[in-house]
Amino acid sequence: MPMLKLNNVTKTFGEILAVEDISFEVSEGEFVFITGPSGSGKSTIIKLILRQFTPDSGEIFLNETDFGKLKYKEIPKMRQKIGIVFQDFKMIPDRTLWENVEVALAVTNVPRKEWKERVTHVIKLVGLEKRTSLFPSQLAGGELQRGSLARALVANPSIILADEPTGNLDWKTAESIMELFEQINKEGKTIIMATHHLGLIEKHKNRVIELNEGKVVSDSGSKKEEKGGKKEENKEEGKTEEQKELNISDKKSKSDEVEK
Ligand SMILES: Nc1ncnc2c1ncn2[C@@H]1O[C@H](COP(=O)(O)OP(=O)(O)OP(=O)(O)O)[C@@H](O)[C@H]1O
Ligand SMILES: [Mg+2]
């Protein structure tokens, strides 16, 4: 059973068709990029998974729970299983970094006596131990994004959703944030990242779901088996980085074709 499953999901806003007939599955531990031009529906998909939007038709399952059958009051509990990272960080301006991370625990039933240990752990993970008493206005963009990743992780969600997390960062900082996401993924966390940052997509060989005008136009498929599977690993042996990259982009545009 996949961790996340979208079945023929359609969402409209009046006359606007935001996403149409979207279906894909994500297994535990996968790292998935959702890409496509502006307006193609990336954020809409993130918001549908968050249950910020309700689909017009289709189903969304997270950990086997059917979102369509959730009662309104059950939504906050479901959201606790999701960590979210935004492009503009969404830090509370008059709270310190420590408090901004801690606030994510206030809506959970994690006992208060565990908070300190949890916050310490995630702040260390993102390398901000020396910044805990600073306010958001005193932090650099990359630090703010590390902080929001710490906040997303502190309640130990089963999945992290990130909507253009590198959109406000320079290339080098974006890369360091990406490496942090990769590290978190290697430790087992499932990640879905909406981005149109092509450089990052090319560099980090993760699964890519490409959208255009609200539809899935390609899906490079799960990389999870490939990562651990001997067969795929052997195939990649002896190739230069450039060849591997070409193969990836080949797969992206002609996902149905057999690999050459
Ligand atoms: N709340 C809303 N009300 C009306 N239309 C909306 C709403 N949210 C999204 N849309 C429309 O749905 C379509 C998809 O928007 P979405 O924000 O998902 O695109 P995106 O791929 O995230 O774009 P970007 O790369 O610019 O962030 C757009 O045409 C947009 O105008
Ligand atoms: Mg968007």
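This report describes a predicted model of a protein with a ligand, from its overall make-up to single residues.

## Model and confidence

The model is predicted, so that local features are reported at pLDDT of at least 70 and side-chain atom pairs at pLDDT 80 or more, while totals for chains, interfaces and linings use all residues. Residues are numbered from 1 along each chain as its sequence is written, and chains are lettered from A and ligands numbered from 1 in the order in which they are written.

The mean pLDDT of the protein is 86, with 85% of its residues at 70 or more; pLDDT is the predictor's confidence in each residue, from 0 to 100. Over residues 227-260 the pLDDT is below 50, and this stretch has 17 contacts in the model beyond near neighbours in sequence, a contact being a pair of residues whose C-beta atoms, placed from the backbone, lie within 7 Å. Where pLDDT is low, the predicted coordinates should not be read in detail.

## Overall make-up

The protein holds 10 helices and 10 strands, these being DSSP runs numbered from the N terminus (helices H or I, at least four residues; strands E, at least two). Of its 260 residues, 35% count as buried; a residue is buried if 20 or more other C-beta atoms lie within 10 Å of its own, exposed if 12 or fewer, and partly exposed in between, with C-beta atoms placed from the backbone.

## The nonpolar core

The largest nonpolar core has 60 residues, of which I34, A150 and L161 touch the most other members; such a core is a set of buried Ala, Val, Leu, Ile, Met, Phe, Trp, Tyr and Cys residues joined through C-beta atoms within 7 Å. Because domain 1 (1-80 + 157-222) and domain 2 (89-155) both give residues to this core, it lies between them, the domain bounds coming from an automatic or database domain assignment. Not counting residues up to four places away in sequence, L161 touches I46, I49, L50, I82, I84 and I192.

F33 is found in strand β3 (residues 31-35) and counts as buried, with 24 C-beta neighbours inside 10 Å. Its C-alpha atom is 6.8 Å from that of T195, although F33 and T195 are 162 residues apart in sequence. Apart from residues up to four places away in sequence, F33 touches M193, T195, I201, N206, R207 and V208.

## The shell around ligand 1

Ligand 1 is surrounded by F13, I16, A18, G36, S38, G39, S40, G41, K42, S43, T44 and H196, where a residue is near a molecule if its C-beta atom, placed from the backbone, lies within 6 Å of it. The elements that give two or more residues to this shell are β2 (16-26) and α1 (42-49), and the largest share, three residues, comes from α1. By class, the shell has three nonpolar, eight polar and one charged residues, where Ala, Val, Leu, Ile, Met, Phe, Trp, Tyr, Cys and Pro count as nonpolar, Asp, Glu, Lys and Arg as charged, and the others, Gly among them, as polar.

T44, one of the shell residues, has its place in helix α1 and is buried, with 23 other C-beta atoms within 10 Å. The C-alpha atoms of T44 and A18 are separated by 6.9 Å, the two residues being 26 apart along the chain. Leaving aside neighbours within four places in sequence, T44 is in contact with K11, A18, V19 and F53.

## Loop and backbone details

T132 lies in the loop between α4 (115-125) and α5 (141-153) and counts as partly exposed, with 17 C-beta neighbours inside 10 Å. Its contacts, leaving aside neighbours within four places in sequence, are with T96, L97, W98 and I123, and its C-alpha atom is separated by 8.3 Å from that of E99, 33 residues apart along the chain.

Phi of N8 is near 45°, a positive value in a residue other than glycine; N8 is found in strand β1 (residues 4-13) and is exposed, with 12 other C-beta atoms within 10 Å. Phi of E213 is also positive and near 45°, again in a residue other than glycine, but E213 belongs to the loop between β9 (207-212) and β10 (215-219) and counts as partly exposed, with 14 C-beta neighbours inside 10 Å.

Terms used. Contact = placed C-beta atoms within 7 Å.
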